[in-house]
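Please keep the sequence and the model open while reading.

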Amino acid sequence: MTRAFAQRHRVASAFDTTEQLLADQAIDAVYIDDRQLIKEQLMPRIQFEELKAEFKRVLIKKGCDESSADLSAQLMTQTSCDGVYSHGVNRFPRVIDYIDKGYIDLKAKPTRVDGMGAFERWDGNLGLGNVNAKLSMDRAIELARANGIGCVALSNTNHWLRGGSYGWQAADAGCVGICWTNTQPNMPAWGARDRRIGNNPFVMAVPRHEGHVVVDIAMAQFSYGQMESSAMRGDLLPVPGGYDEQGQLSCDPKEIAKTWRVLPVGYWKGSSMSIVMDMIAAVLSGGRSTVGVGKLGSDEYGLSQVFIALDATRIAGEDYLASAISEAIENIHGSARVDPDQPVLYPGERSMGYRKDNLANGIPVGDELWARIKAL
């Protein structure tokens, strides 16, 4: 990867400073849902560095070393800044709760267990989930630099928070990134009532200097974090996300939360994907499957994850990589719109709008949640 390509890719990557993104004029696609934006504008706004400082302060107070606390806080703040509050600021109190319960070992670092060629197996040792995930994708990228492709399978780790962060990370390095995680049993298999499989988030990313293409999806129609955020705002889901206590499809996240009967994305297809992704993560990492995670209890820890990087810049060449992705996006943007006022977007494009707005105006955080974090 050339230095010029790396610099261009920082435009839409996991940013290092507030000033870096504010100074960048290349991001011109600012698409944010009007209803959510109105609600966020009514909430207090916390500047990026202030929110990060609070996350870092609490982690250090709990016993985390300065370097890991800074990295974890940066990742959580970036997630919140990109509008994924469910897996950033909203989830932070739960991270601290898991530290207090002993599920997260702030002193632990991931260790290499084994490897062959471009594949390595690591043990997360129950360290901070987002730090473990970041380091794992770092290593997958290093392996890809040497081999064209790199894969790290990670066992015994914690919730990685926003999985898309590691897709952005790979794309920032000029790589195609693919990663996924298993979860506790939180979703029924297709045709079942009781939950025995996970919603297993899955991420794919493609580098593009005008803005990376990143898809970050759970195998459920909506992640539990998304539904929790919708419930906090008093919103209904735009399409059915699961079943209520009467066994009827529902758009009410509060009713779905009572049953845990979330709807697999693509019905039987999402169910099948979840089952096989879990098997692959467990087999490659030597860690727990969703069944094993469930045996630990009602809380979610001891997970298995997979991180893959492909050096797309060297494989495809910079020119072809840029032209092929741009051609596909131009074709998508040229779609006939159902609603003339709603643009057709590529995956990850909406995040650029949230990021630009939140960097300029501050990240929306509810009064009660902010008071709770300040009191930690």
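## A buried glutamine

Q305 has a relative accessibility of 0%, so Q305 counts as buried. Here buried means under 20% relative accessible area, exposed means over 50%, and partly exposed lies in between, with a 1.4 Å probe and protein chains only. Q305 is found in strand β12. Leaving out residues up to four places away in sequence, Q305 touches A133, V152, A153, L154, T157, N158, W160, W180, T181 and A281. Contact means heavy atoms within 4.5 Å. Q305 and W122 are 183 residues apart in sequence, yet their C-alpha atoms are 9.9 Å apart in space.

The model is predicted: local features need pLDDT of at least 70, side-chain atom pairs count only at pLDDT 80 or more, and totals for chains, interfaces and linings use all residues. Residues are numbered from 1 along each chain as its sequence is written, and side-chain values use heavy atoms, with hydrogens and water left out.

## The whole chain

The protein chain holds 16 helices and 13 strands. These are DSSP runs, numbered from the N terminus: helices are H or I with at least four residues, strands are E with at least two. Of the 376 residues in the protein chain, 52% are buried. Take the contacts between residues at least 6 apart in sequence: 69% of them join residues at least 24 apart.

## The sheet

In what order do the strands of the open sheet run? The seven strands follow β2-β3-β4-β12-β5-β8-β9, and the pairing is mixed. Two strands pair if DSSP finds at least two bridges between them. The edges are β2 (111-116) and β9 (213-217), each pairing on one side only. Neighbouring strands of this sheet are turned by 10° against each other on average, direction ignored.

Strand β3 (residues 119-123) pairs with strand β4 (residues 149-157) in the parallel sense, over five bridges. E120 stands opposite V152 in β4. W122 stands opposite L154 in β4. Eight of the nine residues of β4 are buried, so β4 is largely enclosed by the rest of the structure.

## A helix across the strands

Helix α8 (residues 164-172) lies across β5 (176-181), β8 (202-206), β9 and β12 (303-310). Helix α8 runs at about 25° to β8. Axes are lines fitted to C-alpha atoms, for helices over the stretch in contact, and angles run from 0 to 180 degrees between N-to-C directions.

A171 sits in helix α8. A171 is buried, with a relative accessible area of 0%. A171 and D311 are 140 residues apart along the chain, and their C-alpha atoms are separated by 9.4 Å.

## A covered helix

How far apart are the end C-alpha atoms of helix α5 (residues 66-81)? They are 22 Å apart, which agrees with the 22 Å that its 16 residues should span at 1.5 Å a residue. The expected span is 1.5 Å times one less than the number of residues.

Helix α5 is mostly covered, with 12 of its 16 residues buried. Among them are S68, A69, S72, A73 and Q74. The stretch L75, M76, T77, Q78, T79, S80 and C81 is buried too. The cover of these buried residues includes α4, α6 (92-101), α7 (129-147), α8, α15 (349-361) and β13 (363-364).

## Two helices packed

Two packed helices are described by the angle between their axes and the distance between the axes. Helix α4 (residues 48-61) and helix α16 (residues 367-374) pack at about 40°, with their axes 10 Å apart. That makes α4 oblique to α16. Angles under 35 degrees count as roughly parallel, over 145 as roughly antiparallel, 65 to 115 as roughly perpendicular, and the rest as oblique.

On the α4 side, the contact is made by E50, L51, E54, F55, R57 and V58. On the α16 side, W370, I373 and K374 make the contact. The contact residues divide into five nonpolar, no polar and four charged. Ala, Val, Leu, Ile, Met, Phe, Trp, Tyr, Cys and Pro count as nonpolar, Asp, Glu, Lys and Arg as charged, and the others, Gly among them, as polar.

## Positive phi

Most residues other than glycine have a negative phi. N156 is not a glycine, yet has a positive phi of about 55°. N156 lies in strand β4.

W260 also has a positive phi, near 60°. W260 is in the loop between α10 (253-259) and α11 (268-285). W260 is partly exposed, with a relative accessible area of 29%.
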